[in-house]
Amino acid sequence: MICPLRTAAEQFGNQPALIDTQQRISFAQWDKISDQIAHNLQAKRIGIWSPNNVEVALWLAGAWRAGCETVLFNARLPTIDSHLETFHVDQLIDIETPINGPRISEHSFSEIATILLTSGSTGTPKAIAHSLRAHIASAAGSHTNIPFGSGHRWLLTLSMAHVGGLALIFRALCGGGAVVFHPNAMPLGLAIRTFSITHISVVATQLATLLEDPNPMPTLKAVLVGGGPI
């Protein structure tokens, strides 16, 4: 099976895929970097414990290319020592790990690609496994209802350690839009205006904040609200 990033790189090429305040990475560059990252991954199951940033998306794609299962840990967790053993993580990725080397094997669509932890509100967090096929199917369904294509920018406001945040990566691969990584200190309304955001996912409290913002947001086309009663 061809990696979904490889397909997106062939289809969308030099269109922007990942954007933050300091860099803009195209689909083609993302694909090339994932080849380099895959060379550093030897474990069966890796863990990534990091705030939302472009590097997490780069390492995720490298993990698919290397055939690794990836457990994403919320950066707000005070410690993950017990989780590493519970969920059988072989290697914890330091986002600063050097990126170099040639591509190795590609990930099968049907194999486990990501493992996300539930919130643990009723006890020990549970591990939910997803295949690339499941992520891509979800993204395709989203694209049918909320088109996200060339020239669009979706602001990442939810943790990539949860499916609502991680889904944006696959929506970009499916439709060709760009994911913009939200600076934590920047208010949502200001981020929308600064990065010319067209799409955003929020929970109800974030929606309330947006509705109270008195300044116009002319680029915004779609607001996806979830996580609880609106």
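I looked up Phe148 and Trp154 first, and both are buried (under 20% relative accessible area; exposed is over 50%, partly exposed in between, with a 1.4 Å probe and protein chains only). The model is predicted: local features need pLDDT of at least 70, side-chain atom pairs count only at pLDDT 80 or more, and totals for chains, interfaces and linings use all residues. Residues are numbered from 1 along each chain as its sequence is written, and side-chain values use heavy atoms, without hydrogens and water.

Next, aromatic pairs. I found four in the structure. Rings of Phe, Tyr and Trp (its six-membered ring) pair if their centres lie within 6.5 Å; planes under 30 degrees apart are stacked, over 60 edge-to-face, the rest tilted. One of the pairs joins Phe148 and Trp154 edge-to-face, at 5.1 Å centre to centre and 85 degrees between the planes. I also noted one aromatic cluster, formed by Phe12, Phe27 and Trp30.

Then cysteines. I searched the whole structure for disulfides (cysteine sulfur atoms within 2.5 Å) and got zero. Cys68 is buried, at 1% relative accessible area. Cys174 is partly exposed, at 26%.

Last, the whole chain. Buried residues make up 50% of its 230 residues. I took contact as heavy atoms within 4.5 Å. Among contacts between residues at least 6 apart in sequence, 68% join residues at least 24 apart. The C-alpha atoms of the chain fill a box of roughly 50 × 45 × 30 Å along the principal axes.
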